[in-house]
Amino acid sequence: MTEPNAVAPPEAITAPPAPQPQPFDIEQPACFYLGREYDIASSQVLADKHVMYDARDLTTHGVVVGMTGSGKTGLCISLLEEAAIDGIPCIIIDPKGDLANLLLQFPNLDPKDFEPWLNPEDARQKKLSPLEYATDLAKRWRQGLADSYQKPERVALCRDSSEWRVYTPGSEAGLTLSILGSFAAPRGELPREALNQRIDATASAVLGLTGLEADPVQSREHILIAQLLMHSWTRGKDLDLRGLIQQVQTPPMDQVGAFDVETFYPEKDRLKLAVALNNILAAPSFSTWITGEPLDLAKMLDGGDRPRQLIFSIAHLDDTQRMFFVALLLVEILNWTRKQPGTSSLRALVYFDEVFGYLPPHPANPPTKVPLMTLLKQARAFGVGVLLATQNPVDLDYKALSNAGTWFVGKLQTERDKARLIEGLEGVAAERGTLSDRNYLKASSRR
């Protein structure tokens with residue numbers, strides 16, 4: 001202690017405290033709070049510069065690219081949580097199986113709430129007891145919220161603003177879905193182009209389960225199943241897999257194109273296809289595909305008293321099953337989207353956590369590609385945004401992604417990835433009649 005009125009020695013005089021950021025309202029309507037700006041030149045976070053992303057910008061879709069550890073998933077989770085807080089329903093496709101963690105919301109930040117969900121092995125490696133590790137994690141959560149100018153009450157707001165549902169097609173780990181039970185005929189008026197897209201995607205998905213990569217134009221298997229679906233659906237009749245198998249054996253129509261059915265696809269060959277489809281139906285592993293809720297997005301989204309966040313977790317499926325399910329889901333999303341009235345606001349968000357393999361460059365054409373491309377082209381008019389995330393830009397069809405108005409770019413792994421991304425951004429700029437600075441993009445990609 002110094003005496004009253006005593007003059008402090010020069011070494012005791014300190015600089016005035018740094019100015020504190022002014023209070024900022026992060027609950028602006030129809031805006032997503034994404035944190036604070038980062039200055040690339042100085043490599044510093046700008047404490048007084050907040051990033052408020054207009055939700056309407058996602059109606060022109062978004063793409064998130066960046067290698068593992070670049071913050072890609074963290075950004076996407078922030079966008080999904082902000083959408084939930086604003087009451088915007090989300091349809092989340094989760095190939096890695098980790099987005100169910102969105103349901104782990106602990107507004108009290110009590111270590112005992114964290115403890116049941118922690119991996120004991122992680123605690124052991126840090127030489128901590130599970131409770132000590134949970135306490136440390138709760139402390140980091142609290143600090144992270146404070147650093148981003150958020151309060152624990154916002155966690156409760158996110159939890160309570162929406163109803164969260166996790167579906168696990170082909171498994172009873174979460175909510176079950178009846179996928180193979182019924183290929184229901186579309187209800188209401190559906191343009192012929194939309195009907196054809198739905199038929200092609202469904203036929204490709206079903207044949208994919210048999211191991212057949214069937215071209216919609218060249219494959220007689222694809223053409224036959226498409227014709228059977230067309231025959232039933234244009235008459236307003238639903239099909240299930242059992243009925244489809246029976247119709248493969250005994251088609252309800254006499255001709256396919258200019259040929260009679262027997263000339264186009266002889267009975268003995270049709271029997272082989274029927275057996276392959278029947279093996280799917282008879283396999284015990286597929287019993288879980290025919291129980292649960294039907295894949296009816298209108299009912300799934302509108303069934304509660306709060307907006308719903310639907311997470312489709314598919315990490316447990318093999319590649320063929322994933323392609324089958326995602327193709328059917330995308331067709332259902334497209335069908336639901338087209339039935340919505342037009343709006344300039346963000347009505348719903350479709351998030352695809354890892355789109356690798358589902359929207360590949362030409363000439364690859366999996367059954368997911370056409371409905372995804374169609375969503376990117378048409379969903380804006382209905383207020384439905386699409387957000388795609390991937391590690392490697394070279395794996396994506398940039399013709400489709402030219403429809404994306406927002407690009408979130410993290411650290412990229414190779415020079416090839418950077419070059420492809422810059423090429424894609426220049427293509428987007430040209431498509432929209434704006435300019436891009438290649439030298440600036442190159443310099444930024446090296447930071």
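**Backbone, helices and core**

Mentor: Let us begin with A30, which lies in the segment before β1 (31-39), and keep in mind throughout that this is a predicted model.

Trainee: What is the phi of A30, and how should I read it?

Mentor: The general idea is that most residues other than glycine have a negative phi, and most peptide bonds are trans. In this structure, A30 has a positive phi, near 60°, although the residue is not a glycine. A30 counts as partly exposed because its relative accessibility is 42%. Y149, which is likewise not a glycine, has a positive phi of about 60°, and this residue sits in the loop between α4 (130-147) and α5 (153-161). With a relative accessibility of 35%, Y149 counts as partly exposed.

Trainee: Which residues does a cis peptide bond join here?

Mentor: The cis bond joins H362 and P363, with omega about 10°, and P363 is found in the loop between β11 (348-352) and α13 (369-378).

Trainee: How do helix α6 and helix α7 pack?

Mentor: As a general idea, two packed helices are described by the angle between their axes and the distance between the axes. Here α6 (residues 192-209) and α7 (residues 220-233) pack at an angle of about 130°, with their axes 9 Å apart, which makes α6 oblique to α7. The crossing in which α6 passes α7 is right-handed. On the α6 side the contact includes R192, L195, R198 and I199, while α7 contributes, among others, H222, I225, L229 and W233. The residues of this contact divide into 9 nonpolar, 4 polar and 4 charged.

Trainee: Which residues touch the most other members of the largest nonpolar core?

Mentor: That core has 85 residues, and those touching the most other members are L180, F312, F324, F325, L359 and L388. Helix α12 (residues 319-338) gives the most to this core, with 11 residues. Beyond residues up to four places away in sequence, the contacts of L388 include V63, F352, L372 and L401. A second, separate core of 26 residues includes L79, C90, I311 and A389.

Definitions and conventions. Residues are numbered from 1 along each chain as its sequence is written. This is a predicted model: local features need pLDDT of at least 70, side-chain atom pairs count only at pLDDT 80 or more; totals for chains, interfaces and linings use all residues. Side-chain values use heavy atoms; hydrogens and water are left out. Axes are lines fitted to C-alpha atoms, for helices over the stretch in contact, and angles run from 0 to 180 degrees between N-to-C directions. Helices (H or I, at least four residues) and strands (E, at least two) are DSSP runs, numbered from the N terminus. Angles under 35 degrees count as roughly parallel, over 145 as roughly antiparallel, 65 to 115 as roughly perpendicular and the rest as oblique. A crossing is left-handed if the near helix is turned anticlockwise from the far one by less than a right angle, and right-handed if clockwise. Contact means heavy atoms within 4.5 Å. Ala, Val, Leu, Ile, Met, Phe, Trp, Tyr, Cys and Pro count as nonpolar, Asp, Glu, Lys and Arg as charged, and the others, Gly among them, as polar. A nonpolar core is a set of buried Ala, Val, Leu, Ile, Met, Phe, Trp, Tyr and Cys residues joined through side-chain atoms within 4.5 Å. Buried means under 20% relative accessible area, exposed over 50%, partly exposed in between (1.4 Å probe, protein chains only).
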